[in-house]
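This briefing covers a ligand site, the overall fold and a few backbone features. Please view the structure before reading on.

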Amino acid sequence: MVSPVPPTSDSVRVRVPAKVNLALKVGPRRRDGFHPLATVYHAVSLFDEVTVSHAEPGHFSVTVTGEGAPAVPRDDTNLALRAARLLASSFGDERAGVRMEIAKSIPVAGGLAGGSADGAAALLACSLLWDLDLSPEQLRRVGSLLGSDVPFALLGGTALGRGRGEEVMPALARGTFHWVLGFGQQGLSTPAVYRRFDELHPRPPAPVVPVELMEALRAGDPKALGAALVNDLQGPALDLHPRLGRTLSAGLELGAVGAIVSGSGPTVAFLAADEAGAVDLAVALSAEAVCRSIRRPSGPVLGARPI
Ligand code: C5P
C-alpha cells in the first residue's frame with residue numbers, strides 16, 4: 001500500500017527513479033499517433049525528489065532546482081503540476097491547492113523519463129497530502145492519462161510494458177545490475193525521434209521482447225543481458241545525433257558488457273559486469289570526455305516512494 005505518512009502531514013516528499021529501457025521494440029504508428037511497444041523497463045538509482053505542501057485553494061505552483069532545472073517548464077505543461085490538478089479534479093477537493101518543489105537529478109529530455117518520474121511522484125505525494133487512500137492500481141490508471149512512462153515510474157523494479165508503454169507488469173529478474181550513464185550535451189525530443197523512426201521504418205513488424213533478454217534477466221547474467229539489450233529508437237536517435245555512435249563504441253572499447261541509447265536518447269546506458277567494472281568504466285569514460293556528465297546507478301530499485 002502507498003500510505004505510511006499520516007494524513008496530518010503538512011508536507012510530503014517522494015523520491016522517484018529514472019528508467020532505462022532494456023528492450024524497446026516499436027511497432028507501426030497507431031491512429032492516435034502513439035506507437036505500440038513491447039518494452040522492458042528497469043528503474044535505476046538516479047532519483048528526483050518532489051515535495052508537496054498545502055497552498056491556498058486553487059493555487060498550484062512549482063519551483064525546480066538541480067540538474068537541467070532552467071529547462072523545466074513552470075507553466076501548465078509541467079507534468080507534476082498537471083498531475084496535481086488531474087488528481088484534484090478526479091478524486092480530491094476542487095478547492096485543493098499545492099506548492100511543489102522538484103529537486104532534479106534526472107536530466108531533462110534525456111530518455112530517462114525524468115518528466116514522467118516527476119509526474120508520478122507528484123501523483124503519489126498529492127494523494128498522500130490529501131489523504132485520498134488510492135490503491136496503487138488507481139494511481140497507475142491516473143498516471144497513464146499523464147504519460148506513457150508514468151505508470152512504470154510508480155511501479156519501479158523491472159517490468160514489461162505493453163500498449164503505448166502504460167500497461168506494466170513486473171518481470172522476473174535476479175540480482176543487481178551496475179550501470180554507467182553518459183548524459184548528452186543537449187536533449188532529444190521524443191516525438192522527433194519517433195517521427196524519424198517512422199521515416200526509417202515505414203512498415204515495422206509487431207513488437208516482441210527478445211526471449212534471450214528475459215532469460216538473461218531471470219539468470220541475473222550481466223554479460224548475457226548486455227548482449228541482448230535492444231532499442232528500435234537507437235537508429236533514429238543516432239541519425240539525429242550522430243555523435244552518440246562514438247560514445248557507444250567508446251564505452252564498449254573500455255569494457256562495457258553492453259551499450260544502448262536509453263529510450264529516445266540522448267543518454268547512453270552502459271552495462272558493467274559488476275560494481276568494480278562500473279567504477280573503472282566511469283573513470284575511463286570521464287577521461288575520454290565523450291559525455292557531458294556521467295552517473296553510476298544500479299538497478300532495479302523501487303518506484304516512487306515517500307521518504
Ligand atoms: O506518452 P508521452 O507523453 O510520454 O509521449 C510523448 C510523445 O512520444 C508522444 O506525443 C508521441 O509522439 C511519442 N510516443 C509514441 N509512442 C509511444 C509513446 C510515446 O509515439 N508508445
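How far does a polar side-chain atom of H35 lie from an oxygen atom of the ligand? The distance is 2.7 Å. The model is predicted: local features need pLDDT of at least 70, side-chain atom pairs count only at pLDDT 80 or more, and totals for chains, interfaces and linings use all residues. Residues are numbered from 1 along each chain as its sequence is written, and side-chain values use heavy atoms, with hydrogens and water left out.

**Ligand contacts**

- Besides the H35 side chain, the backbone of G33 has a polar atom 3.5 Å from an oxygen atom of the ligand.
- A nitrogen atom of the ligand is 3.0 Å from a backbone N or O atom of R164.
- A polar contact here is a pair of N or O atoms within 3.5 Å.
- Of the 450 Å² of accessible area that the ligand has on its own, the protein covers 73% (Shrake-Rupley method, 1.4 Å probe).

**Ligand shell and pocket**

- The residues around the ligand are G33, F34, H35, L37, G147, S148, R164, T190, P191 and Y194, each with a heavy atom within 4 Å of it.
- This shell consists of 4 nonpolar, 5 polar and 1 charged residues; Gly is counted as polar, Tyr and Pro as nonpolar, and Arg as charged.
- Helix α5 (residues 190-200) contributes the most to the shell, with 3 residues.
- The ligand takes the space of the largest pocket. A pocket is an open set of points on a 1 Å grid over the protein atoms alone, where a 1.4 Å probe fits, with protein on both sides within 12 Å along at least five of seven lines. A molecule sits in it if more than half of its atoms lie within 2 Å of its grid points.

**Overall fold**

- The protein chain has 10 helices and 13 strands, taken as DSSP runs (H or I, at least four residues, for helices; E, at least two, for strands).
- Its radius of gyration is 19 Å, close to the 19 Å that the globule rule gives for 307 residues, so the chain is as compact as a globular protein of that length. The radius is taken over C-alpha atoms, and the rule is 2.2 Å times the number of residues to the power 0.38.
- Along the principal axes, the C-alpha atoms fill a box of roughly 55 × 45 × 35 Å.

**Backbone features**

- Most residues other than glycine have a negative phi, and most peptide bonds are trans.
- The G265 to P266 peptide bond is cis, with omega near 5 degrees; P266 is in the loop between β9 (258-261) and β10 (268-272).
- G299 and P300 are also joined by a cis peptide bond, with omega about 5 degrees, and P300 is in the loop between β12 (298-299) and β13 (305-306).
- A109, not a glycine, has a positive phi of about 50 degrees.

Conventions. Polar contact = N/O pair within 3.5 Å; in protein donor to acceptor, adjacent residues only side chain to side chain. 1 Å grid on protein atoms, 1.4 Å probe; cavity = no way out; pocket = protein on both sides within 12 Å on 5 of 7 lines; lining within 4 Å.
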